[in-house]
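Please keep the sequence and the model at hand while reading.

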Amino acid sequence: MLDDFKENKFYNYAINLKKYYHAYIFEVDNIEKSMPLILAFAKVIVCKMHFTNREKCLDCNICHLIDQGNYSGLIIIEPDNIGIKKEQVLDMQKKLSYKSVDNNNQVYIIKYAEKMNQSAANSLLKFIEEPLDNLYCILVTTDKRDLLETIISRCILISLKQEKEIYDKEDIKKNNDFLLKIYQEKENSLPYIKSMFLNYYSKREDIIKAFNIIEMIIDNIINNSKNKDLCDIISNELSNISKLYLINILEIVVLYKNKLLTNPNININLFMDRFIIDISEVIK
Ligand SMILES: [Zn+2]
């Protein structure tokens, strides 16, 4: 179910993402149906108890207020029949420009973000560029391609679209071996692992595809999914690695995939160097 993080792969790294990013784009199939999940994520940001120890906060004042649509630190903007206007963005900024009384994080959600007109988008851009410490932005759209490139590049993109690419068995096997190699070799031969990976995937689009497959593999192991096609390929050695370790790897893969998605002219060699260094930090 979409409204429960535990049933969603996003649950596994949502909590840690907020350490790194203040602005998010959720790309979804259906915005209204996705709102429970988006609000759950807003709760993760605002409520200190939410999902601590992987349990939901069941009873706190903030979560109740959010459920009722009455929490002052959460503002939701949506278009009227013309679109989202600059005034709506400015009004939201004004309301959120003061720290909340209890010093909690504040969140604004822009539904149908692609419906912002040019001046609204520009006002928002300035706001995202100079984020306040305790302020988080969530844009929700059905197609990120309808958003300004300059906005996309300042957000982390989280795609919850259901349509899945079909991956080649050979590709799944390669990425299974890549993950296993990283684990077995520890930091000893990371340059070798890097060149092995680049040997298979040297173009930005191919690396994005490979990272998608890695996400899918780890997701399958963490959630004990019974995807027969995948289970046949994923090796036992990989399945036996600690889930915490795999979640840490997953976080890094998601962060780096986002760098690729938002930066068309990325230097692949440097990119892979940094990726491998960050991965080695996790392995230690
Ligand atoms: Zn709560």
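## Overall make-up

Of the 284 residues in the chain, 29% count as buried. The model is a predicted one. Its chain holds 13 helices and 5 strands. Among contacts between residues at least 6 apart in sequence, 79% join residues at least 24 apart.

## Nonpolar cores

The largest nonpolar core has 43 residues. Those with the most contacts inside this core are Tyr 24, Ile 38, Ala 42, Val 107, Ile 138, Leu 139 and Val 140. Helix α2, residues 31-46, supplies the largest share of the core, with 9 residues. Apart from this core lies another, of 23 residues, including Ile 213, Ile 218, Leu 250 and Phe 275.

Ile 138 can be followed in more detail. Leaving aside residues up to four places away in sequence, Ile 138 touches Tyr 24, Phe 26, Ile 38, Phe 41, Ala 42, Val 107 and Ile 109.

## Helices α4 and α5

Two packed helices are described by the angle between their axes and the distance between the axes. For helix α4 (residues 86-95) and helix α5 (residues 118-129), the axes come within 7 Å and cross at roughly 25 degrees. Angles under 35 degrees count as roughly parallel, and α4 and α5 are therefore roughly parallel to each other.

On the α4 side, the residues that meet α5 are Lys 86, Gln 88, Val 89, Leu 90 and Gln 93. Their partners in α5 are Ser 119, Ala 120, Ser 123, Leu 124 and Phe 127. By class, this contact of α4 with α5 has 5 nonpolar, 4 polar and 1 charged residues.

## Helices α7 and α8

Helix α7 (residues 169-185) packs with helix α8 (residues 190-200) at an angle of about 175 degrees, and their axes are 10 Å apart. The two helices, α7 and α8, are therefore roughly antiparallel to each other. From α7, the contact takes in Lys 174, Phe 178, Lys 181, Ile 182 and Glu 185; from α8, Ile 193, Phe 197 and Tyr 200. Sorted by class, the contact of α7 with α8 has 5 nonpolar, no polar and 3 charged residues.

## Helices α9 and α12

The axes of helix α9 (residues 204-222) and helix α12 (residues 243-262) come within 10 Å, crossing at roughly 155 degrees. That angle makes α9 roughly antiparallel to α12. The crossing of α9 and α12 is left-handed.

In α9, the residues in this contact are Arg 204, Ile 207, Ile 208, Phe 211, Ile 214, Glu 215, Ile 218, Ile 221 and Ile 222. They meet residues of α12 that include Leu 246, Ile 249, Leu 250, Val 253, Tyr 256 and Leu 260. By class, the contact of α9 with α12 has 16 nonpolar, no polar and 4 charged residues.

## Two exposed residues

Asn 265 sits in the loop between α12 and α13 (268-283). Is Asn 265 buried or exposed? Asn 265 is exposed, because 5 other C-beta atoms lie within 10 Å, and a residue with 12 or fewer counts as exposed. Asn 265 and Arg 204 are 61 residues apart along the chain, and their C-alpha atoms are separated by 8.9 Å.

Glu 237 belongs to helix α11, residues 236-239. Glu 237 has 12 C-beta neighbours inside 10 Å and so counts as exposed. From Glu 237 to Asn 176 the C-alpha to C-alpha distance is 10.0 Å, while in sequence the two are 61 residues apart.

Conventions: Residues are numbered from 1 along each chain as its sequence is written. This is a predicted model: local features need pLDDT of at least 70, side-chain atom pairs count only at pLDDT 80 or more; totals for chains, interfaces and linings use all residues. Axes are lines fitted to C-alpha atoms, for helices over the stretch in contact, and angles run from 0 to 180 degrees between N-to-C directions. Helices (H or I, at least four residues) and strands (E, at least two) are DSSP runs, numbered from the N terminus. Angles under 35 degrees count as roughly parallel, over 145 as roughly antiparallel, 65 to 115 as roughly perpendicular and the rest as oblique. Two residues are in contact if their C-beta atoms, placed from the backbone, lie within 7 Å. Ala, Val, Leu, Ile, Met, Phe, Trp, Tyr, Cys and Pro count as nonpolar, Asp, Glu, Lys and Arg as charged, and the others, Gly among them, as polar. A crossing is left-handed if the near helix is turned anticlockwise from the far one by less than a right angle, and right-handed if clockwise. A nonpolar core is a set of buried Ala, Val, Leu, Ile, Met, Phe, Trp, Tyr and Cys residues joined through C-beta atoms within 7 Å. A residue is buried if 20 or more other C-beta atoms lie within 10 Å of its own, exposed if 12 or fewer, and partly exposed in between; C-beta atoms are placed from the backbone.
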